[in-house]
Every structure is written in structure tokens, then in C-alpha cells.
Amino acid sequence: MIDRIASVPDMASRSKGLSQNGKSIGFVPTMGALHEGHLSLVRRSVSENDVTVVSIFINPTQFAPSEDLDKYPRDIDGDLEKLDSVGSVIAFIPSIDEIYPEGYRTYVNVEGITEVMCGEFRPGHFKGVTTVVAKLFNIVRPDRAYFGQKDFQQAVVIRKMAADLDTGIDIVLCPTVREEDGLAMSSRNQYLSSEERKAASVIYRSMFETSEMLRSGSLMAGDARGYLVKKLRANKMVGEVQYASIYDPVTFEEIRGEGAEEMLIAVALYIGGTRLIDNMLLKLG
Ligand code: AMP
């Protein structure tokens, strides 16, 4: 059964009541157009908490004016049906005015790890993400919040914010759910034509081959970037490659020389007009 809440005070008082009754609250923030990736987070939360809250909010402050805010997929009825098939959850679906009323002025920013990778190409993006997630955390007051590895940098930034602001919320990182050909599920995959969709599998394939070569020692860390970029560009449908390399998964500094025990292979590129990101964690030793 889905319980739908639209107002901030209603959501806040529901959460307060649940906590007072000793119920643990799991929280899954989303922008809707739900797919199996989102639902895997919801299932995990349902299994680990007394009550699960799923928010659906397309957050305008994390989109630059040139980005896809207006055409971002919206399907609230479909989303509610999918949530209903998972179990009993509270769907928090506020309006933009509810979250950012007239005169709104406060922003939350994590420094240092938000200016690189996605942050370099989407200035202000993470500030929008941390601002809305901080607000949602204050409204929902969860014990645990669930994020996907698909957006690894986002999850690390949020974990840092949650710790730095002493929220006491446990940030749970969940594995990336993929299509059969390896493409990470994403609401934005809907933008792809069938030809583009086929081409998009090059991302996972290239990351996987790079990780296998690094693991076997037949590729040196210092050569990984060149190898990965060449693999990606070999597909004629691939447009701008914003970044494709190996990174330190804590600092997000690019690893250029010696390999490390833990490395993040991460990619952001365009296929047609669609920006796709993906990543893979590689543990050696
Ligand atoms: P979004 O609606 O794109 O903002 O995503 C909401 C949450 O779902 C974020 O924590 C994402 O990392 C997570 N998510 C999105 N796609 C996937 C996926 N394919 N596998 C696992 N988690 C995902």
C-alpha cells in the first residue's frame, strides 16, 4: 500500500510520530521515472527498516539552465504502481514551491570533492544535490538513507555531508543494477534511440575490459586512461567523452602513475544528446 504525502509539515510530523513510536525509518531519495535500479534500493530499505519513505522530486537546483530539467522523464502514476509492487512505503512527492518557497536562500556545499569529475562539467550540480538532500534529511529524519553506486561520486559527497553535519544518518551504498548488455539502468536511458541504446553498451564493456586488464597486470594504471578512451571512441556513436579514467575512490584524484589497491574506473560521455555516466570499483590485492 502506498501512502502519498505532498506537504513538508505532513511528512515531518509523520516521521516524528514514527520515531516516537520506536519505528526505524529508511529513506530513498529519487527524481522519479523509477526503474529496477531505484526499486533495488527500495527493497533493501524495506528489508532493513520498519518504515520506508521514497521521495520523488525533480530538483531544479541541481540542473544548470542548459540541462534537461524540462524534458526530464515524469511518470508519477507509473512510479506509484511500481512502488506498490514492492511493498508498503510512504511516497513523499512535494512540489517545487514546497521545497523552495519564495525567498529561499540557504545552500549546502561540500568542498574539494565536488569540483572534479562530474563537478567539473556540471558546476553547481553537487551543491544542488547536497542542498536538497540535506533538506529531505531534515524533513524525513531517517535512520538510514540508500544511494546507488551508479552515482558513486554523489553517494560519497552525501556521505561526507551527512558526517560533517552530524546527521547521524547511516548512508548505505547499493550496487548498480544493469540491463542484460551491461548498460547501467538510468531514467535518462529513455532518451536514447534504439541505435544509440545499442551503442551505449560500449560503456560497460570498455570499463569491464579495462578492469580485467588492470587486474591481470597486462595494463599499467598509467596507461588505463588511454586504453579506456580508445575503446570508447572506437564506437562511432560516442560523442564528447567528458571523462574516462581511473580515480582514487576517496579523493577522486586521477591515478596517473602507480596503480593503487582500490581504484574507481569512471566514465561520463555523450551518446547523441544524452549524457551517460557509469563507474566500477576495482579492488586489487
Ligand atoms: P535518480 O532518480 O537518478 O536521482 O536516482 C535516485 C537514486 O537511485 C540514486 O541514489 C541513484 O544512484 C540510484 N540509482 C539510479 N540508477 C541506479 C541503478 N542502475 N542501480 C542502482 N541504483 C541506481
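Helix H2 supplies the largest share of the shell around the ligand, with three residues. Keep in mind as you explore that this is a predicted model. The points below begin with the ligand and then move on to a helix, a histidine and some backbone angles.

**Around the ligand**
- The shell holds 17 residues, and those that come nearest are Met 31, His 38, Asp 151, Val 177 and Met 185.
- Strand S2 (25-30), helix H2 (36-48) and strand S5 (144-148) each give at least two residues to this shell.
- Sorted by class, the shell has eight nonpolar residues, seven polar ones and two charged ones.

- In the side chain of His 38, an N or O atom is 2.8 Å from an oxygen atom of the ligand.
- At Gly 148, a polar backbone atom is 3.0 Å from an oxygen atom of the ligand.
- At Val 177, a backbone N or O atom is 2.8 Å from a nitrogen atom of the ligand.
- Taken alone, the ligand would expose 490 Å², and the protein buries 93% of that.

**Helix H3 and what it packs against**
- Helix H3 spans residues 76-86, and its buried residues are Gly 78, Asp 79, Leu 80, Leu 83 and Val 86.
- Those buried residues pack against strand S1 (2-5), helix H2, strand S3 (51-56) and strand S4 (89-92).
- Gly 87 follows H3 and has a positive phi, near 155°.

**A histidine in helix H6**
- You can find His 125 in helix H6, which covers residues 125-140.
- His 125 counts as buried because its relative accessible area is 7%, under the 20% cut-off.
- A polar atom of the His 125 side chain lies 2.9 Å from the backbone oxygen of Gln 62.

- Most residues other than glycine have a negative phi.
- Ala 33 is not a glycine, yet its phi is positive, near 50°.
- Ala 33 sits in the loop between S2 and H2, and it is buried because its relative accessibility is 6%, under the cut-off of 20%.
- Asp 166 is not a glycine either, and its phi is positive at about 55°.
- Look for Asp 166 in the loop between helix H7 (152-164) and strand S6 (170-174).
- Is Asp 166 buried or exposed? Asp 166 is exposed because its relative accessibility is 67%, over the 50% cut-off.

Notes. Residues numbered from 1 in each chain as written. Predicted model: local features only at pLDDT ≥ 70, side-chain atom pairs only at ≥ 80, totals over all residues. Heavy atoms only, no water. Helix = DSSP H or I, 4+ residues; strand = E, 2+ residues; numbered from the N terminus. Buried < 20%, exposed > 50% of the residue type's maximum accessible area, 1.4 Å probe, protein only. Polar contact = N/O pair within 3.5 Å; in protein donor to acceptor, adjacent residues only side chain to side chain. Near = heavy atom within 4 Å. Areas by Shrake-Rupley, 256 points an atom, 1.4 Å probe, with all protein chains shown as cover. Nonpolar A, V, L, I, M, F, W, Y, C, P; charged D, E, K, R; others polar. Contact = heavy atoms within 4.5 Å.
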